[in-house]
Each structure stands twice: as structure tokens, then as C-alpha cells.
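Have the structure open and follow along.

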Amino acid sequence: MSVTAGPGADLVLPIDGRLHAHRLGEPGPWHRPTAPITSRIAFAAAHVIPRVTADNTPGAPADLDWDATMAYRRELWSYGLGVADAMDTAQRGMGMSWTATAELVRRSAAEANAAGGRIACGAGTDQLDLGVLPSGAAGLSAIGDAYREQVDVVAGAGAQLVLMASRALAAVARSAEDYLAVYRTVLREVDRPVILHWLGDVFDPALRGYWGSTDLGTATDTFLQLIGEHAAVIDGVKVSLLNAQHEIALRRALPPGVRLYTGDDFNYPELIVGDERGHSDALLGIFAAIYPAASTALQALDAGDVERAGAILESTRELGRVVFEAPTYYYKTGIAFLSWLNGQQPGFAMVNGLASGRSVEHLSKVFVLADRAGLLRDPGLAAHRMRGYLDLNGVSA
């Protein structure tokens, strides 16, 4: 429903230390596909929605609104996108325990089966307590066992497997060979193609030096060695380093048949559109915020209209850069905020108190850029909610 003010109404928003009047625009010309999207494989990494009365204070167990959380996923599928679940966007290691995550995997995979939607889910090692994890070979063995446990849950639910980066492995490993030993053990046992996930320390500082080196070239060599050894069971790699040139070079070095799923929420337009030597597919947190535009752009690619596809994606880039600006750890706050503005959850709340992870000014910028990109599907409702948020935080014209 539309509330209070429609397109053309003004809000006064705090941006860059001053109050600015903002005139609302119209929703973009987005549309759901009438056939499966074929030019790219694209996953939106979905967030989770807590119950209205849940205890979302830091350290409290996750208490989800399952109806709202699943409805959000159905919305993504309706636009022809896959859902990447139980990833860092779903607050893995940031409020969601492994017990809660396992339930999320089972529910989301069942929902995907009912909806006919594509789903991939993350398997990691976050059930381990880093404070008591042994060092050396015993620690590496425990990490391998933790991966196996989570792989079994994801595979048992029927979802595609995303093998996530491990904070535990980053803490215990002392060489590239330690990384290779753990991943080799897991990959030898999988019975279906997986996606390997390389998450950079800009997203999670605990992952600094992943693959055994802080030198990007050296780490990439180790990564490519692993992929080359196990290409038969690797569908693709998701790379979240926010480094477009590195991604392009890596994409060109991959074995035939191994996809690169971009996780670059800054440079996704040119990486997805690609060039005469190839393109990236997508597994992106920003797609959970821009999914109507992303879907319409991918439909344009299907139709051979590369220029329109690129223009649509480009129109969302500035929003992506603000949502994912440093500290990038808190990008999930912007995703949830847009979900709330668009009426997809009853309140602006997040597990583990993460709704407080961004400032009023930051979220005001997110509002403006989402509106400029045509991503407020009911501008009146979004304006009504934004006014309430500003009032709550003591902002008045």
C-alpha cells in the first residue's frame, strides 16, 4: 500500500553533516522474466529476518521470522535469480550459530524445491570454538571434520554446495600446504560439483592471509593449484576481493568448464557484462538489494542487448559502493534496511544487533541512491518508513 506521500514528495535527509531536501522518483521499469535466464548464472546472497519480538541484542541466539525469511527468497526466485543462502550475508559467524544455520539450509532448500528455484548454500567450519581449537595436525583434522559435517547437511538438503572460507583454517594453518591438505580432503569426498569461495579480508579481517600468503599473487597460485587438481568437482569459484583486474586475470586462468562467480560488489557491471574474452557469472550480496534491476539487466543480455544490460547495472553501481563501503563487514545492515523500506520485513531489525552497524547518515545515502536507481518499489511506503526512522533518531527538518 502507498502511505502518506507518493512520487514527487520531499523528504529532508541528513547527508554529509547537513540536511538535504530529496524529491522522490518513480520505481524503475523492472519486470520478472517469462522464461529462465540463460546468459548468466546469477545468485543473490540473501539475508535473514528476525521475529519482531526477538531478542536481537548482541550475543543472543538467532530467532528468525521464518515466514518473512522464506518469502524474501521466493521474491528473489520470482525474478529468475538463484538464492545463495547460509553465506556471510546471512550473518554466518555474525549472529547465526551453526544450529540456526543448519535449520536455514533445510528450510531454504525445501522452499527452493517447492518453488523450482536454484539454491546454493554455504558449508564452513563455524561450529568450531576458536578458543579451544588445537594447533597443528590435530587442528587441521578438526577443521576437516567440521567441513564434512556441514557438507553433509547442505548435500542432504539437496542444495548446491558452496565451500566457504574458514576462520578456523586461517587461524591454524601455517603454510599453503596446510590449506591444500584440508581442501583436498574435503574435495576428494564430494559427490557433486561445488563452488569454492575466496572471501577477502575486507569482508572478514580474520581471513587475512588466506591460502597461506598475504601476497595476492602467491595466494592466487595456491588457489589455482587446488582448482587444477580438482577441476572435475568444481563448478566454479566465487571471488570476493573487490579487485576487478585480479578477477579478470583469474577468470582467464581457470581450467575449461570452471566458472567465475563474481563477488565484487563494486565492479560487478563490467565483470558480468564481460568482454570478447569472457564474462563472470554472479554470486553477490548486492543482488539481494537490486534484484529487480539485476534481473532486468540479465534478461537484456539474454535478448542480446548488451548496451541496455550494462546501463542498468551501471545505474546501481553507486548504491553498491555505498552499501559495501568500509567497514564492509556491515554491508548486511544496508541490505536489511532496503528490505524494510520495501515492505519485505515488518521492522528494521537484525540478528545480533547488527541494525546498529551503520549511521543515520549512511542509511540516508542508501535511501537516496536506491530511489535514484528506481529500487524503491513503493516510494510512498519507503518515505513513510524513512520518516519514522529519522524521527526515532531525532532528525527533524
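Seven nonpolar, four polar and three charged residues make up the lining of the largest cavity; here Ala, Val, Leu, Ile, Met, Phe, Trp, Tyr, Cys and Pro count as nonpolar, Asp, Glu, Lys and Arg as charged, and the others, Gly among them, as polar. This is a predicted model, where local features need pLDDT of at least 70, side-chain atom pairs count only at pLDDT 80 or more, and totals for chains, interfaces and linings use all residues. Residues are numbered from 1 along each chain as its sequence is written, and side-chain values use heavy atoms, with hydrogens and water left out.

Back to that cavity. Its volume is about 60 Å³, and of its 14 lining residues Asp 88, Thr 89, Lys 238, Gly 285 and Tyr 331 lie nearest the centre. Strands E8 and E10 (281-284) each supply at least two residues of this lining. The search used a 1 Å grid over the protein atoms alone: a cavity is a set of points where a 1.4 Å probe fits but cannot get out, a pocket is an open set with protein on both sides within 12 Å along at least five of seven lines, and lining residues have an atom within 4 Å of a point. Points are joined across faces, edges and corners, and a volume is the space filled by probe spheres set on them. Helices (H or I, at least four residues) and strands (E, at least two) are DSSP runs, numbered from the N terminus.

How many cavities of 30 Å³ or more does a search of the whole structure find? It finds two.

Now for the open space. The largest pocket comes to about 400 Å³, and Arg 92, Gly 93, Asp 126, Arg 167 and Asp 204 lie nearest its centre, out of 24 lining residues. Helix H4 (167-172) and E7 are the elements that give two or more residues to this lining.

E5 (residues 119-123) and E6 (residues 160-163), for example, pair over four bridges, and Ala 123 stands opposite Leu 163 in E6.

Axes are lines fitted to C-alpha atoms, for helices over the stretch in contact, and angles run from 0 to 180 degrees between N-to-C directions. Helices H3 (residues 136-157) and H5 (residues 176-189) pack at about 30 degrees, their axes 10 Å apart. Their contact (heavy atoms within 4.5 Å) includes Leu 140 and Ile 143 of H3 and Val 182 and Val 186 of H5.

Most residues other than glycine have a negative phi, and most peptide bonds are trans. Trp 211, in the loop between E7 and H6, has a positive phi near 70 degrees. Ala 326 and Pro 327 are joined by a cis peptide bond, with omega about -5 degrees, and Pro 327 sits in the loop between H10 (306-323) and H11.

Definitions and conventions
Pairing = 2+ DSSP bridges.
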